[in-house]
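Here is a short briefing for a reader who is meeting this structure for the first time. It takes up some backbone features in loops and then turns to one helix.

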Amino acid sequence: MRPGIFLLVAPPESVNVGLVVGQDRAWLIDSGSSPAQGERIRAAAAAVCDRPLAGVALTHGHWDHSFGLTAFADLETVGHQDCQTALRGAESAAAAHDLGLDLDRLPGPARTISLIGLRDLGGGVVLELAHFGPAHTLGDLVVALPGADLFFVGDLIETAGAPQFDPESSLDGWVKSLDSLWAALKPNSLVVPGHGQVAEPWQVGHQRAGLAALWGQTEWAYHQGVALEQIYDHDHLEWPWDRPTAERGIALAYAELRARGPRRAPLPLIETHRLDDPRP
Ligand SMILES: [Zn+2]
């Protein structure tokens, strides 16, 4: 990692939680998977950091990244304005039930942003928060540290396995989000995924290529009139990742395409012979 930046891996989903320490204050990236774990993360941060913890930025609203927020209610907590959709979704409800928690009593971020945010931690350490559009969820945030050339990207990138498709994931948007992320990377940038080993830029390109193949091939098949259940086995198509993962992605892409409705009709052409007719 880079100086002043720490990583903590939180069970049970092995979530990467970041701690960024500036000259004046520190911030966490993601909050842990339960209120009790949030407390433990806060204590662990205090043990390695001699600056006050000032805030928590959520990469997205999935329970394994956000259920620890309760432990930071006295600090500034920030997420995307749409991260509540995941935080209140079926997966969160099931996790809350398993943990014996009341989902309605779990807080979301106190402050939300729609596109861009900035937090100055002092001494030239600045957190830049950016939303590149719907992708893994409707409300993903990338937290960039330009000075350290490091990016916390939540579940936009997976190095522990294939991308995790959620019912609210947008395949089209995910490709575009990774285009935006990729454009910001330099050769030595480090990318901290939501789960798994810290990634290098080529791994972002690799995952972007896989998602683009899923989206682009499904789009082609959809417009050829291929039925959803026949797309995976279509002769001309090859798929990234294992079959169950690819089929989940295809189903999401197909639903996304269907929700768009028919393609816009082309403009009507004036017949050329009318232009040649000399009569007034
Ligand atoms: Zn997630």
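Ser14 is exposed, with 12 other C-beta atoms within 10 Å; a residue counts as exposed if 12 or fewer other C-beta atoms, placed from the backbone, lie within 10 Å of its own, as buried if there are 20 or more, and as partly exposed in between. The model is predicted, and local features need pLDDT of at least 70, while side-chain atom pairs count only at pLDDT 80 or more and totals for chains, interfaces and linings use all residues. Residues are numbered from 1 along each chain as its sequence is written.

**Loop backbone**
- Ser14 is found in the loop between β1 and β2, and this residue has a positive phi of about 55° although it is not a glycine.
- The loop between β1 (5-10) and β2 (15-21) also holds Pro12, and the peptide bond from Pro11 to Pro12 is cis, with omega near 0°.
- Asp149, in the loop between β9 (142-145) and β10 (150-158), has a positive phi near 55° and is partly exposed, with 15 other C-beta atoms within 10 Å.
- Most residues other than glycine have a negative phi, and most peptide bonds are trans.

**Helix α8**
- Helices (H or I, at least four residues) and strands (E, at least two) are DSSP runs, numbered from the N terminus.
- Helix α8 covers residues 243-259, and its 17 residues reach 24 Å from the first C-alpha to the last.
- Within α8, the buried residues include Ala246, Gly249, Ile250 and Leu252.
- Just after α8, Gly261 takes a positive phi of about 80°.

Technical notes: Expected span 1.5 Å × (residues − 1).
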